[in-house]
Amino acid sequence: MGKALIIGAGGVSSVVVHKCCQNPDVFEEICIASRTLEKCDALKEKLAGGQTKIQTARLDADKTDDVIALINQFQPDVVINVALPYQDLTIMDACLATGVHYVDTANYEPPDTAKFEYSWQWAYRQKFADAGITALLGSGFDPGVTGVFVAYAQKHYFDEIHQIDIVDANAGDHGYPFATNFNPEINIREITANGRYFENGKWIETPPLSEKKVYDLPEIGPKNIYLLYHEELESLSVNIKGVKKIRFWMTFGDSYLNHLKVLENVGMTSIEPIVYEGKEIIPLQFLKAILPDPASLGPRTKGKTNIGCIIQGVKDGQPKTYYVYNVCDHQECYAEVGSQAISYTTGVPAMIGAMMIMKGIWKKPGVFNVEEFDPDPFMDALNKYGLPWKEDFAPTLLDPVKVQA
Ligand code: NDP
């Protein structure tokens with residue numbers, strides 16, 4: 001069918017590459033391009049011999065002209081951006097200049113401030129519409145599948161959605177005292193930021209990790225979950241009409257939080273540059289360099305993830321609840337593609353998003369979040385390509401409605 005340019009060669013990229021190669025009818029040819037060419041070549045070597053033709057290229061995606069040059073040379077139908085959020089805009093500019101569709105898994109972040117907002121990318125809506133090309137934002141798991149889950153609930157089960165609680169649980173154990181499951185810089189920025197949730201048209205801020213509950217997750221058991229801000233809250237608050245409350249919760253183990261507290265207290269999680277022996281360094285980037293590479297956690301991680309949406313609302317005038325979730329086993333992912341479940345649950349939907357565009361199923365000019373498309377073909381593809389989902393129509397709620405005596 002066509003060609004995809006995959007930018008980035010880290011944990012998520014590795015899964016995208018494996019999954020594209022499992023679907024050679026759609027992805028006839030791919031080019032893996034990243035800052036470190038050796039990582040691209042190593043991926044190519046792993047997958048050589050399949051039907052999908054693989055090229056590699058060294059690319060600094062911070063440089064729009066370099067991305068344009070590579071697109072002109074490789075002539076892809078779609079660019080899958082699984083580098084870092086800092087590269088989103090330069091890559092979108094290159095897609096605009098060349099008329100190629102764009103997919104990513106994380107919102108643009110300016111390198112000097114952690115914002116977690118879509119404003120910069122949504123500002124490209126008219127330009128993509130005028131160019132007749134699609135930008136699909138946040139096609140990972142969360143954001144990504146969580147938005148598709150909500151769109152599916154809206155389409156099939158609710159007249160009005162009133163409350164959404166997204167619960168992201170990782171019960172995996174990699175045996176290290178402290179390591180992050182994906183890019184440490186992005187991960188730690190996210191967790192050390194203030195929590196925030198949407199209620200009745202307003203955003204309510206909470207101090208980092210100050211809201212905690214215990215939730216009994218299917219196939220995982222009871223876990224401590226903490227309220228965080230997460231980027232899909234912004235797009236869902238706009239795209240799900242009439243929603244009153246949206247929150248995001250993530251599990252953290254006590255040991256992880258203790259380590260994080262100490263690192264924060266000594267200044268190691270800061271993104272403010274400091275001068276060390278005459279050279280400017282960013283503490284969080286230095287910390288990233290000494291922590292285990294997320295890609296190395298695959299063979300060590302045992303256990304499961306469970307990510308899903310608990311939804312409350314109304315159907316035919318009656319209150320209704322619905323929980324849709326995916327459970328993913330770290331070791332099964334590793335056996336299939338050589339990565340743990342965090343990379344797997346992000347890489348599979350990134351491949352599916354690109355596939356939806358290449359097949360013309362999710363293709364309209366402009367910039368869109370996943371929940372703005374028909375969820376059904378994506379939900380089918382999740383079942384088919386490794387992330388089957390389950391439903392529960394009587395889930396435990398995080399805020400059960402109090403019944404008056
Ligand atoms: P990694 O750090 O493992 O990989 C990032 C890759 O991008 C590396 O290969 C890196 O190159 C490359 N890269 C960085 N800067 C540039 C640049 N200027 N030009 C070209 N390549 C560059 O990260 P992950 O694979 O864990 O994460 C990838 C993306 O997925 C991130 O944006 C992350 O936020 C997102 N994500 C989304 C999730 C979701 O559910 N939506 C969940 C998890 C992650 P080098 O090897 O040289 O450093």
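The model is a predicted one, and its domain assignment gives domain 1 (2-137) and domain 2 (145-337 + 388-392). The C-alpha centres of domain 1 and domain 2 lie 24 Å apart, and the contact between them takes 22 residues from domain 1 and 15 residues from domain 2.

- The size of an interface is often given as the accessible area lost when the parts come together.
- Between domain 1 and domain 2 the buried area is about 1,600 Å², and carbon and sulfur atoms give 54% of that area.
- Two salt bridges are counted between domain 1 and domain 2, and six residue pairs are in polar contact across the two domains.
- On the side of domain 1 that touches domain 2, helix α1 (residues 11-21) supplies the largest share, which is four residues.
- Sorted by class, that side of domain 1 has 11 nonpolar, six polar and five charged residues.

**A salt bridge in detail**

- K19 forms a salt bridge with E336, and the closest N and O atoms of the pair are 2.6 Å apart.

- Although D380 and G140 are 240 residues apart along the chain, their C-alpha atoms are separated by 16 Å.

Notes:
Residues are numbered from 1 along each chain as its sequence is written. This is a predicted model: local features need pLDDT of at least 70, side-chain atom pairs count only at pLDDT 80 or more; totals for chains, interfaces and linings use all residues. Side-chain values use heavy atoms; hydrogens and water are left out. Domain bounds come from an automatic or database domain assignment. Contact means heavy atoms within 4.5 Å. Buried area is the accessible area (1.4 Å probe) that two parts lose on being put together, summed over both. A salt bridge is a side-chain nitrogen of Lys or Arg within 4 Å of a carboxyl oxygen of Asp or Glu. A polar contact is a pair of N or O atoms within 3.5 Å; within protein, one must be able to donate a hydrogen and the other to accept it, and residues adjacent in sequence count only if both atoms are side-chain atoms. Helices (H or I, at least four residues) and strands (E, at least two) are DSSP runs, numbered from the N terminus. Ala, Val, Leu, Ile, Met, Phe, Trp, Tyr, Cys and Pro count as nonpolar, Asp, Glu, Lys and Arg as charged, and the others, Gly among them, as polar.
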